[in-house]
Amino acid sequence: MQTNRIIQVEEKVPPRLLVPLSIQHMFAMFGASVLVPFMFGISPAIVLFMNGIGTLLFIFITKGKAPAYLGSSFAFIAPATIVIQNWGYQYALGGFVVVGLCGCILAAIIYKCGTKWIDVVLPPAAMGPVVALIGLELAGSAASTGKIVGDGVTTSTVITFCVTLAVAVLGSVLFRKFLSVIPILIAIICGYVAGLITEYVSGEHVIWDGIAAAIHQPLFQLPNFQTPKFDLEAILIILPVILVIANEHIGHQLVTSKVIGRDLLKDPGLHRSLFADNFSTMISGFIGSVPTTTYGENIGVMAITKVYSVRVIGGAAVLSIICSFVGPLAALIQTIPGPVIGGISFLLYGMIGTSGLRILVDNHVDYGKNRNMALTSVIFVTGLSGVTLSLGNVSLSGMTLAAIVGMLMSLLFYVFDKLKWSNDQ
């Protein structure tokens with residue numbers, strides 16, 4: 001196999017490559033994806049099951065033209081937690097169903113109206129920083145998960161984090177042939193081994209105890225399926241999240257387009273990908289899982305490995321479904337240490353941030369124009385300042401709030417142009 005050869009979206013991958021590449025994608029999203037069900041107090045098995053089903057549905061609906069892995073959405077955590085505390089998890093499921101349905105309706109509207117409006121509300125000077133913020137605002141999360149900041153910092157966690165990150169970075173630069181396409185998987189394995197060794201030396205037994213517990217799990221376990229219940233007040237608490245996930249989805253499709261060198265908003269179309277994303281969320285609500293969304297970690301994996309094949313993504317989805325039924329396997333994957341997930345995320349989130357800067361470079365954004373300077377500056381500061389806008393029980397901050405501010409500014413500049421008030425038209 002040639003070094004750094006790009007494996008395109010529709011390209012078939014040999015079986016000897018398909019399995020390790022698929023495992024790499026599944027591991028990349030695993031740590032973040034299973035965190036949501038832990039927060040909601042449900043078994044991660046049902047989430048692994050729906051992640052796989054949702055991803056396969058996404059591939060089918062987008063006609064195999066948009067490589068994306070669907071994992072657990074963090075956007076629903078705050079409002080869903082309120083609903084769970086007051087009504088119970090089944091009523092949160094009802095909210096997930098309604099939000100997914102509204103997202104499907106939004107996709108139908110986009111199908112009728114087209115996507116040219118995106119160039120108006122998100123010109124390159126706004127699009128670049130919005131995409132960059134997807135990765136940059138998660139930098140703190142990667143450091144916290146990796147336990148290199150905060151109260152949980154130990155020599156063991158720092159060593160494990162550094163080994164994982166170092167192997168991922170050096171592997172992406174130095175590995176050749178087959179190894180050049182699985183640096184993330186190799187980094188996870190090396191980080192896991194480092195975690196085992198450092199725990200043994202320090203006398204800790206967290207990972208070792210997890211492995212022992214995983215071995216004693218029943219071989220076959222059925223995920224815990226639940227049905228939704230509907231309450232208007234509970235639904236209204238969760239419904240505003242549609243603003244967050246719509247912006248998040250557009251941002252992910254934009255950065256994926258840049259990574260693979262294709263305009264996914266046109267082919268297969270934003271309406272298809274948005275519908276697929278929200279249809280998966282709706283199905284999740286019906287069977288007892290958590291809402292799904294496209295995952296930045298997997299976009300980062302594609303950026304590093306240059307492997308964009310939907311067959312690899314589909315393989316990861318199938319593996320996720322299998323893991324949801326195999327008790328020891330699902331439990332064993334959950335023993336991957338936080339510093340390993342954090343070390344990988346540290347690099348992947350940075351790659352997404354860099355993709356946003358690439359949009360500015362590729363579109364030759366002229367910062368001699370005051371509007372471009374103002375757009376990019378205000379979006380970056382809004383996204384990184386910690387400013388929060390509360391709408392009922394939903395808080396808008398980070399990339400989502402920055403995207404809304406950028407869209408409003410862009411629309412205002414568009415009106416100024418139409419009225420011929422702009423001094424740099």
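Student: At what angle do helix α12 and helix α13 pack, and how far apart are their axes?

Tutor: In this predicted model, helix α12 (residues 241–260) and helix α13 (residues 265–287) pack at about 145 degrees, with 11 Å between their axes. The angle is taken between N-to-C directions, on a scale from 0 to 180 degrees.

Student: What is the handedness of the crossing, left-handed or right-handed?

Tutor: α12 passes α13 in a right-handed crossing.

Student: Which residues of α12 and α13 meet?

Tutor: From α12 come Ile242, Ile245, His249, Ile250, Gln253, Leu254 and Ser257. They meet Leu265, Leu270, Ser273, Leu274, Asp277 and Asn278 of α13.

Student: Why is helix α14 described as largely enclosed by the rest of the structure?

Tutor: Buried means under 20% relative accessible area. Helix α14 (residues 296–305) is largely enclosed because ten of its ten residues are buried. Among them are Glu297, Asn298 and Thr305, as well as Ile299, Val301 and Met302.

Student: Which residue follows α14, and what is its phi?

Tutor: Lys306 follows α14, and its phi is positive, near 60 degrees.

Student: Which residues form the nonpolar patch on the surface?

Tutor: A patch takes residues with over 30% relative accessible area. Here the patch is formed by Ile189, Val193, Ile197, Tyr200, Val201 and Trp208, which together have about 660 Å² of accessible area. Helix α9 (residues 183–202) gives the most, with five residues.

Student: Why does Ile189 count as partly exposed?

Tutor: Partly exposed lies between the buried limit, under 20%, and the exposed limit, over 50%. Ile189, in helix α9, counts as partly exposed because its relative accessibility is 48%.

Definitions and conventions: Residues are numbered from 1 along each chain as its sequence is written. This is a predicted model: local features need pLDDT of at least 70, side-chain atom pairs count only at pLDDT 80 or more; totals for chains, interfaces and linings use all residues. Side-chain values use heavy atoms; hydrogens and water are left out. Patches are made of residues with over 30% relative accessible area and no salt bridge: like charges are joined within 9 Å, nonpolar side chains (Val, Leu, Ile, Met, Phe, Trp, Tyr) within 5 Å. Accessible areas come from the Shrake-Rupley method with a 1.4 Å probe; for residues, only the protein chains shown count as cover. A salt bridge is a side-chain nitrogen of Lys or Arg within 4 Å of a carboxyl oxygen of Asp or Glu. Helices (H or I, at least four residues) and strands (E, at least two) are DSSP runs, numbered from the N terminus. Buried means under 20% relative accessible area, exposed over 50%, partly exposed in between (1.4 Å probe, protein chains only). A crossing is left-handed if the near helix is turned anticlockwise from the far one by less than a right angle, and right-handed if clockwise. Contact means heavy atoms within 4.5 Å.
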